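Please read them beside the coordinates.

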Amino acid sequence: LLLPVDAALTRWRRLDLPMASAAAFRQGQTLSIAAAPGSEPGTVRIYADGLGFLGLAEIQAVGRLVPLRLIAKGPDAKA
C-alpha cells in the first residue's frame, strides 16, 4: 500500500493557490498573499486545483509566501 507523498505532512495547514500563482510557486518564486483566513505566519502545505500537492512554504508576517520544498511532477502527471 502506497500513501500519497503528503500523507506525513498533515500537521501543517493547507493552502490552495489559484492556477495563476501556482506557476510562479512551482518555479520557486516568492509570492505576495492577501490577509485571509488561514494566512497566519507559519509553514503550510501548498496545493493547486488540477495539480495537487506542490510542496511546502512558509507564510511570513509581512504577507509573503516563500517556497521551502517543491515537489516535481512531469508535465502530464496526475495529482
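Which residue in β4 does glycine 42 stand opposite? Isoleucine 59 is the β4 residue facing glycine 42.

1. Basis. This is a predicted model, in which local features need pLDDT of at least 70 and side-chain atom pairs count only at pLDDT 80 or more, while totals for chains, interfaces and linings use all residues. Residues are numbered from 1 along each chain as its sequence is written, and side-chain values use heavy atoms, with hydrogens and water left out.

2. Sheet order. An open sheet of five strands has the order β1-β3-β4-β5-β2, with mixed pairing. Strands (E, at least two residues) and helices (H or I, at least four) are DSSP runs numbered from the N terminus; two strands pair if DSSP finds at least two bridges between them.

3. Helix on the sheet. Helix α1 (residues 19-26) packs on the sheet and touches β1, β2, β3, β4 and β5 (64-70). The direction of α1 makes about 75° with that of β4. Contact here means heavy atoms within 4.5 Å; axes are lines fitted to C-alpha atoms, for helices over the stretch in contact, and angles run from 0 to 180 degrees between N-to-C directions.

4. Pairings. Strands β3 (residues 42-48) and β4 (residues 52-59) run antiparallel and are joined by seven bridges; threonine 43 has glutamate 58 as its bridge partner in β4. β1 pairs with β3 in the parallel sense over five bridges, and leucine 15 is partnered by isoleucine 46 in β3. β4 and β5 are antiparallel over five bridges, with leucine 56 opposite arginine 69 in β5. Two bridges hold β2 and β5 in the antiparallel sense; leucine 31 has leucine 65 as its partner in β5.

5. Hairpins. Three residues lie between the strands in the hairpin of β3 and β4, where glycine 50 takes a positive phi near 85°. In the hairpin of β4 and β5 there are four residues between the strands, and glycine 63 takes a positive phi near 85°.

6. Strand β3 is largely enclosed by the rest of the structure, because five of its seven residues are buried; buried means under 20% relative accessible area, exposed over 50%, and partly exposed in between, with a 1.4 Å probe and protein chains only.

7. A charged pair to check. Arginine 45 lies in strand β3, and aspartate 6 in the segment before β1. Aspartate 6 is buried and has no salt bridge; arginine 45, the nearest side chain of opposite charge, is 4.3 Å away. A salt bridge needs a side-chain nitrogen of Lys or Arg within 4 Å of a carboxyl oxygen of Asp or Glu. Lys and Arg count as positive and Asp and Glu as negative, while His and the chain ends are not counted. Arginine 45 is likewise buried without a salt bridge.

8. Threonine 10. This residue is also placed in the segment before β1 and counts as exposed, at 56% relative accessibility. Threonine 10 and arginine 45 are 35 residues apart in sequence and 8.2 Å apart in space, C-alpha to C-alpha.
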